[in-house]
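Subject: Structure for you to look at

Hi,

Here is the structure I promised to pass on. Please open it before you read the notes.

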Amino acid sequence: MDWFYAIIYGIVEGITEFLPISSTGHLIVAGNLMGVPWPKEIKDTFEVVIQGGAILAVLAYYWRDFAQQARVIGRDQPTQRLWLGVVVACIPAVVLGLLFADTIKANLFRPSVVAWALIVGGVLMWLIESRKTTPVVHEIKNIGVGRSFLIGAVQCLAILWPGFSRSASSILGGMLMGLDRPTATKFSFYLGIPTLGGAALIDFIKSRDLLAQIGIVNVVLGAAVSFGVAYLAIGWLLRFVSSNNFKGFAVYRVVVGVLILLLVASGRLTNGGL
């Protein structure tokens with residue numbers, strides 16, 4: 001059954017990684033509901049590693065943009081500022097990840113923690129979408145290094161609180177910094193490349209012996225499924241945000257969060273609750 005779990009994990013990861021609803025949270029709950037018999041440390045590591053497939057989907061989706069930027073980055077200042085901003089935005093997450101990642105995985109990868117993160121994030125999403133403000137940044141190359149760093153700092157909510165969602169925190173952070181929805185969403189994709197790609201690579205290197213217990217083939221299978229599904233999800237989300245707000249996702253988060261708490265209370269979901 002390991003291959004079956006790998007496929008389901010890959011589907012869930014691919015759908016949820018770039019939507020503002022928390023891939024980590026959905027993976028934790030999905031694994032719990034399926035009763036995946038892997039030890040907790042293997043499940044937690046697998047959930048992080050297959051994010052690499054979703055990151056490859058971003059590279060594939062934007063490969064023309066990246067190729068063009070690579071050709072001109074040596075002489076084009078807007079492109080230089082864009083990627084300097086991406087690097088600077090990653091610094092808070094990298095520092096907190098190196099300091100607390102193992103502790104957070106050991107203690108906070110639980111359905112009840114996810115539930116509260118979904119609810120709180122959903123409420124914040126609704127409030128931010130309800131503001132009467134006009135975006136001032138409509139192009140990813142105009143974000144600037146200062147705004148990028150602040151967006152990266154907001155992104156750390158997802159590092160410290162599993163279930164909050166990296167994409168939600170970075171998109172909402174972008175909107176708070178004056179980005180319009182499509183620009184904030186695209187920057188979230190860019191920011192995910194070093195943030196999630198680095199985390200997936202580090203976890204794979206550190207825990208490859210653990211992952212070998214369920215078979216590297218299954219790890220590759222989960223990442224491959226994640227890649228295919230994430231590629232489709234990226235295109236859908238970009239079309240969605242061009243003409244819709246995130247209030248529907250806010251409602252979804254609150255509803256799912258409450259449902260998770262009810263399942264924990266009823267004993268259908270294990271791993272404890274807050």
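Predicted model: local features only at pLDDT ≥ 70, side-chain atom pairs only at ≥ 80, totals over all residues.

Residues are numbered from 1 along each chain as its sequence is written, and side-chain values use heavy atoms, with hydrogens and water left out.

Helix H9

H9 covers residues 166–176. Helices here are DSSP runs (H or I, at least four residues), numbered from the N terminus. 10 of the 11 residues of H9 are buried, so the helix is largely enclosed by the rest of the structure. Buried means under 20% relative accessible area, exposed over 50%, and partly exposed in between, with a 1.4 Å probe and protein chains only. Among the buried residues of H9 are Arg-166, Ile-171, Leu-172 and Met-175. The buried residues pack against H7 (111–129), H8, H10 and H12 (247–266). Contact means heavy atoms within 4.5 Å. Gly-178 follows H9 and has a positive phi, near 100 degrees.

H8 against H10

Helix H10 spans residues 181–211. H8 and H10 pack at about 70 degrees, with their axes 12 Å apart. Axes are lines fitted to C-alpha atoms, for helices over the stretch in contact, and angles run from 0 to 180 degrees between N-to-C directions. The two helices are therefore roughly perpendicular (under 35 degrees is roughly parallel, over 145 roughly antiparallel, 65 to 115 roughly perpendicular, the rest oblique). On the H8 side, Ser-148, Ile-151 and Gln-155 meet Phe-187, Leu-191 and Thr-195 of H10.

Arg-147

Arg-147 lies in H8, residues 145–160. Arg-147 is partly exposed, at 30% relative accessible area. A polar atom of its side chain lies 2.9 Å from the backbone oxygen of Met-177. Beyond four places in sequence, Arg-147 touches Val-136, Val-137, Asn-142, Met-177 and Leu-179.

Asp-44

Asp-44 lies in helix H3, residues 40–49. Is Asp-44 buried or exposed? Asp-44 counts as buried, at 6% relative accessibility. The side chains of Asp-44 and Lys-40 make a polar contact of 2.7 Å. A polar contact is a pair of N or O atoms within 3.5 Å; within protein, one must be able to donate a hydrogen and the other to accept it, and residues adjacent in sequence count only if both atoms are side-chain atoms. Leaving aside neighbours within four places in sequence, Asp-44 is in contact with Lys-105 and Phe-109.

Best wishes
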